[in-house]
Amino acid sequence: MSNDGFKPAVIYARVSSKKQVKEGGGIESQATRCRSYASARGYEVVAMFTDDMTGSKARRPGMDAMLSFLKQNKATPHYVLIDDISRLARGLQAHISLREELSKAGGILESPSVVFGDDSDSQFLENVLASSAQHFAQKNREQTINRMKARLLNGYYVNSTPPAGYKYVKGHGKVLVRDEPVASIVQDALEGFASGRFGSKGELRLFLQDQPEFPKNNSGEVTHERVDVLLKQSLYAGMIEAPAWGINIREGQHEGLISYETHLKIQDILTDGKRVANRADIKEDFALRGAVDCADCDKPLTSCWSKGKNKKYPYYLCFNKDCGSYRKSIARDKIESEFETLLMQLQPSESLFKVASRMFKDLWDYRASSNQDRASRLRAELSRVKASEIKLVDKMIETDNAIVTQQLELRLTKLDQDKLVLAEKIENLSKPARGYREMFEHALTFLANPHKIWENGTFEDRRNVLKLAFTEKLKYSRISGLRTPQISMPFKVLGDYLGGEKVMAHRGGFEPPTP
C-alpha cells in the first residue's frame with residue numbers, strides 16, 4: 001500500500017439475472033455491506049463494478065471492466081471487496097481462474113464473510129467454500145429444472161416471458177390467459193395462413209407488420225424468424241411440449257387460440273412447401289400483381305411505373321424473354337377495369353341470392369341436428385385409436401430391435417396427434433351451436449357483392465377477394481383481354497343452380513337478408 005496511508009478499494013457486486021436487479025435489492029445490499037467493511041478498515045472505495053448474470057461464467061462485462069481498471073492502476077494495489085465468496089464465482093474452476101487474474105492485476109481479495117489467506121489451511125477453506133457455492137448453484141438449477149418439468153407435465157407453460165397473445169395471471173402458479181387485442185390478431189393470422197387467406201409467410205409477416213398492437217422488435221419490425229416461431233408453436237393450439245426434456249405434446253392448462261387440427265394443417269403446409277414465396281414488391285398500386293398470368297406464356301405479369309414527359313404511368317407487362325408479349329405494356333387501368341367488370345358479373349340476382357341464403361340456413365340446421373351422431377362416431381374412433389396405442393406400446397415392450405422401436409415410436413406419435421384432434425372435435429361438438437347470423441353473415445355479405453368489397457375495401461380485402469372468388473390465377477391477353485376465369489365453388493354453385501340461371505342483380509346491389 002502507499003506510504004501516505006491511502007488504501008484504495010473497489011467493490012464487485014453480482015446478481016444472477018436482470019430480473020433480480022429490477023425486483024430485489026441484491027446489488028445495493030452487497031454494496032452497503034462492502035462499504036461498511038471498507039470504512040471499518042480505513043479503505044477508500046474508488047470504484048464499483050456490477051454484473052447481472054450467472055456466476056458460473058468467468059467472463060462477465062463487470063468483472064472484465066474491473067480487471068481492466070486494476071491493470072491500469074497496477075502501480076497502486078487495490079483491495080477488491082466482495083460480499084460473499086459466491087459473488088465472485090459459482091464454480092471452482094471459475095473461482096480459481098479469477099483469483100489468479102485478480103492477483104496478477106494487483107488486486108487483493110477481501111470479504112466480510114471469509115478470510116482469504118496464502119497459507120494452506122486458508123486456501124483449503126477457500127476451495128471448500130467455492131466448491132460449496134458450485135454445488136449449491138448446481139443443486140438449485142436441478143431443482144428449478146425439476147419444478148419446470150413437473151409443471152410442463154401438468155400442462156403449464158414455464159418460460160418467464162409469455163408468447164405474443166398471452167399474459168400471465170396468478171392461478172396454480174402462473175397461468176397463461178388470452179391477452180387482447182394481440183390474441184385475436186395472432187388467431188386471425190394463424191387461421192388465415194391455414195385457410196390460404198395468406199398466400200405465404202411473407203404475406204403473413206406484412207399483415208402482422210400492419211397491426212399497431214402486435215409487438216415489434218427494436219427496429220419496429222416483425223421479422224421472418226418471428227413468423228416462423230409463430231407458425232410452429234403448438235402452444236397456440238392449447239398444447240404443451242418440450243422435446244429437449246423428453247416431454248411429448250399434451251393438452252395444456254391454457255386456452256388455445258386455434259384448434260389443434262388447424263395447427264397440424266399449418267405444419268403440413270410448412271412441410272410441403274407448396275406456398276409461393278411472397279414478393280416484396282407487391283404494392284397497393286398494383287392489386288392484381290401476382291394474381292394474373294400472361295395468356296401467351298402462362299408466366300406471371302409483373303408491374304411498373306413508366307416515366308412520361310410530365311408524370312409516371314402504371315403498367316402491367318410480361319417479362320418472359322421467350323414470350324411474344326415480352327415487355328409489351330398493358331395499362332393498369334385497362335386490365336383492372338376489365339377485372340372489376342368481371343367481379344360485377346359474379347354478383348347473383350336477388351332471387352338467386354335468397355336461394356343461397358336458404359341453402360346456408362338448411363346447412364346450418366342439418367349440422368346442428370347431426371352433431372350428436374357425429375360425436376358418437378368420433379368417440380368410437382377415439383376408442384379405436386386408444387386401443388391401437390395400447391397394442392403399439394405392448395409391441396415396443398416386446399421388441400429389442402432399435403429400428404422396429406423407432407418405427408413404432410413414429411406411429412405412436414401419429415396416434416397421439418389423432419387422439420388429440422378427435423378429443424378436440426368431440427369437445428367442440430358438445431359446445432352450444434352458434435347462431436345462423438354469426439355463422440354465415442360474413443359469407444353472405446361476400447357472396448352478395450364481391451365487387452363492393454373490392455371497391456371499398458383495404459388492400460388486404462382486395463387480396464382476399466382474389467383468393468376467395470377464384471380457384472386459379474387469372475389469364476390476360478394484351479390482344480383479347482381477360483380470359484374466362486375458374487371461379488370458386490360458391491359462385492359456381494350459384495351459377496349452375498336452377499338450370500344455370502345467370503340473372504344479375506341491378507347495379508345498386510342489395511343487402512343480405514336478415515334471418
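Colleague: Which residue lies over the face of tyrosine 168?

Modeller: In this predicted model, that residue is lysine 174, placed 4.6 Å from the ring centre.

Colleague: Where does the charged end of arginine 332 sit?

Modeller: The ring below that charged end belongs to phenylalanine 286, and the distance to the ring centre is 6.0 Å.

Colleague: Why is the pair of tyrosine 37 and tyrosine 43 called edge-to-face?

Modeller: Two values are needed, because a pair of aromatic rings is described by the distance of the centres and the angle of the planes. For tyrosine 37 and tyrosine 43 the values are 6.4 Å centre to centre and 65 degrees between the planes. Centres must lie within 6.5 Å to pair, and planes over 60 degrees apart count as edge-to-face, so both values qualify. By this rule the model has 9 aromatic pairs. Tyr37 and Tyr43 also belong to one aromatic cluster with Tyr79.

Colleague: What makes tyrosine 37 buried or exposed?

Modeller: Its relative accessible area is 12%. Buried means under 20%, so tyrosine 37 is buried. Tyrosine 43 also has 12%, and the conclusion for tyrosine 43 is again buried.

Colleague: Why is the pair of phenylalanine 49 and phenylalanine 69 called tilted?

Modeller: The ring centres are 5.7 Å apart and the planes stand at 50 degrees. Stacked requires under 30 degrees and edge-to-face requires over 60, so 50 degrees leaves tilted. The pair links distant parts of the chain: phenylalanine 49 belongs to strand E2 (residues 44–52) and phenylalanine 69 to helix H3 (residues 61–72), 20 residues apart. At 13% relative accessibility phenylalanine 49 is buried, whereas phenylalanine 69, at 22%, is partly exposed.

Colleague: Why are E2 and strand E4 said to stand at the edges?

Modeller: The open sheet has 4 strands in the order E2-E1-E3-E4, with parallel pairing. E2 and E4 (107–110) each have a single partner strand, so one side of each has no neighbour in the sheet. From one strand to the next the twist averages 25 degrees.

Colleague: How do you know that strand E1 and strand E3 pair?

Modeller: Pairing needs at least two bridges, and strand E1 (residues 8–15) has 3 to strand E3 (residues 78–81), so the two strands pair. Alanine 9 stands opposite tyrosine 79 in E3, and valine 10 stands opposite valine 80. E3 is also joined to E4 by 4 bridges, where isoleucine 108 is the bridge partner of tyrosine 79.

Colleague: What makes both faces of E3 covered?

Modeller: His78 and Val80 on one side are buried, and so are Tyr79 and Leu81 on the other.

Colleague: Which residues have the most contacts inside the largest nonpolar core?

Modeller: They are Val186, Leu190, Leu204, Leu208, Phe214 and Tyr236, in a core of 39 residues. H7 gives the most to this core, with 8 residues. Among the contacts of phenylalanine 214, leaving aside its neighbours within four places in sequence, are Val186 and Leu208. A second, separate core has 28 residues, including Phe339 and Trp454.

Colleague: What joins glutamate 180 and proline 181?

Modeller: A cis peptide bond does, with omega at about 5 degrees. Proline 181 has its place in the loop between strand E6 (173–178) and H7.

Colleague: What is the phi of aspartate 298?

Modeller: Phi is positive, about 65 degrees, although aspartate 298 is not a glycine. This residue is in the loop between strand E9 (292–294) and strand E10 (302–307). Arginine 327 likewise is not a glycine and has a positive phi, about 60 degrees; its loop runs between strand E11 (312–317) and strand E12 (330–331).

Colleague: Why is arginine 327 called partly exposed?

Modeller: Its relative accessible area is 48%. Exposed requires over 50% and buried under 20%, so 48% falls in between. Aspartate 298, at 46%, is partly exposed too.

How values were computed
Residues are numbered from 1 along each chain as its sequence is written. This is a predicted model: local features need pLDDT of at least 70, side-chain atom pairs count only at pLDDT 80 or more; totals for chains, interfaces and linings use all residues. Side-chain values use heavy atoms; hydrogens and water are left out. Rings of Phe, Tyr and Trp (its six-membered ring) pair if their centres lie within 6.5 Å; planes under 30 degrees apart count as stacked, over 60 as edge-to-face and the rest as tilted. Buried means under 20% relative accessible area, exposed over 50%, partly exposed in between (1.4 Å probe, protein chains only). A charge sits over a ring if NZ of Lys or CZ of Arg is within 6 Å of the ring centre and within 35 degrees of the ring normal. Axes are lines fitted to C-alpha atoms, for helices over the stretch in contact, and angles run from 0 to 180 degrees between N-to-C directions. A nonpolar core is a set of buried Ala, Val, Leu, Ile, Met, Phe, Trp, Tyr and Cys residues joined through side-chain atoms within 4.5 Å. Contact means heavy atoms within 4.5 Å.
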